[in-house]
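Please look over the chain shown below. A short report follows it.

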Amino acid sequence: MYLSRKSFAFDCDAPGVGMTEKRKVFEMALSTAEATFQNLDSSEISLTDVSHYFDSDPTNLVQNLRKDGKKPNAYIADTTTANAQVRTLSETVRLDARTKLLNPKWYEGMLSTGYEGVRKIEKRLTNTVGWSATSGQVDNWVYEEANTTFIQDEEMLNRLMNTNPNSFRKMLQTFLETNGRGYWETSAENIEKLRQLYSEVEDKIEGIDR
């Protein structure tokens, strides 16, 4: 998807024609890249608020295109304040997880809004997985702590399930998919609990009383 969207360029030998696809040229350029870089320019939209950021991340793609298979260094420039900082992508993802997804003030604030709040928690988890897919820069502990916070806590999982069972089902599916793709290593007991909960919430949504 990244290549199909980003491979267009103007041709100086054909002025006025407009942009044409130059995929091979773009792939050749990417195959020599030593680093990837994105700019975070809004304090209201972080790395996991929207899919735009990881959709535009070519870190794993560059690694696959390089002949030596080397993963490029990945950086994020935080220009949301006057004191702009450049951090590694992995550091920025960790910071984002601590301040949003795993921050009690954030997720309790979301839960206070009810149905939509659960959807936003689920969406942030899904967008975090997006970074695993495009860059592999999400630490295992992020998913482990998210599982502890939202699944292992019985009171919390019941709040999520009862407030928005559809988004809770999607959250369970995301955890299972994250493990299945090798982005998250966890215990067999955790996976079994996720599967059992998925079956329970499916019954709840379908109105099946067992």
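## Overall architecture

This is a predicted model. The chain holds 11 helices and 5 strands. Its C-alpha trace spans about 70 × 40 × 35 Å along the principal axes. The chain has 210 residues, and 40% of them count as buried.

## A nonpolar surface patch

Three residues make up a nonpolar patch on the surface: Phe8, Phe10 and Met19.

Met19 sits in a loop. That loop runs between β1 (8-9) and β2 (20-21). The relative accessible area of Met19 is 46%. Met19 therefore counts as partly exposed, because that class lies between the 20% limit for buried and the 50% limit for exposed.

## Ser90 in helix α5

Helix α5 covers residues 89-99, and Ser90 is part of it. Ser90 has a relative accessible area of 14%. It is classed as buried because this value is under 20%.

The side chain of Ser90 also has a polar partner. It makes a polar contact of 3.3 Å with the side chain of Thr88.

## The second largest pocket

The second largest pocket has a volume of about 230 Å³. Its lining counts 14 residues. Closest to the pocket centre are Leu40, Ser46, Asp78, Leu95 and Asp96.

Which helix gives the most to the lining of this pocket? It is α5, with 4 residues. Ser90 belongs to that helix as well.

Methods: Residues are numbered from 1 along each chain as its sequence is written. This is a predicted model: local features need pLDDT of at least 70, side-chain atom pairs count only at pLDDT 80 or more; totals for chains, interfaces and linings use all residues. Side-chain values use heavy atoms; hydrogens and water are left out. Patches are made of residues with over 30% relative accessible area and no salt bridge: like charges are joined within 9 Å, nonpolar side chains (Val, Leu, Ile, Met, Phe, Trp, Tyr) within 5 Å. Accessible areas come from the Shrake-Rupley method with a 1.4 Å probe; for residues, only the protein chains shown count as cover. A salt bridge is a side-chain nitrogen of Lys or Arg within 4 Å of a carboxyl oxygen of Asp or Glu. Helices (H or I, at least four residues) and strands (E, at least two) are DSSP runs, numbered from the N terminus. Buried means under 20% relative accessible area, exposed over 50%, partly exposed in between (1.4 Å probe, protein chains only). A polar contact is a pair of N or O atoms within 3.5 Å; within protein, one must be able to donate a hydrogen and the other to accept it, and residues adjacent in sequence count only if both atoms are side-chain atoms. On a 1 Å grid over the protein atoms alone, a cavity is a set of points where a 1.4 Å probe fits but cannot get out, and a pocket is an open set with protein on both sides within 12 Å along at least five of seven lines; lining residues have an atom within 4 Å of a point. Grid points are joined across faces, edges and corners, and a volume is the space filled by probe spheres set on the points.
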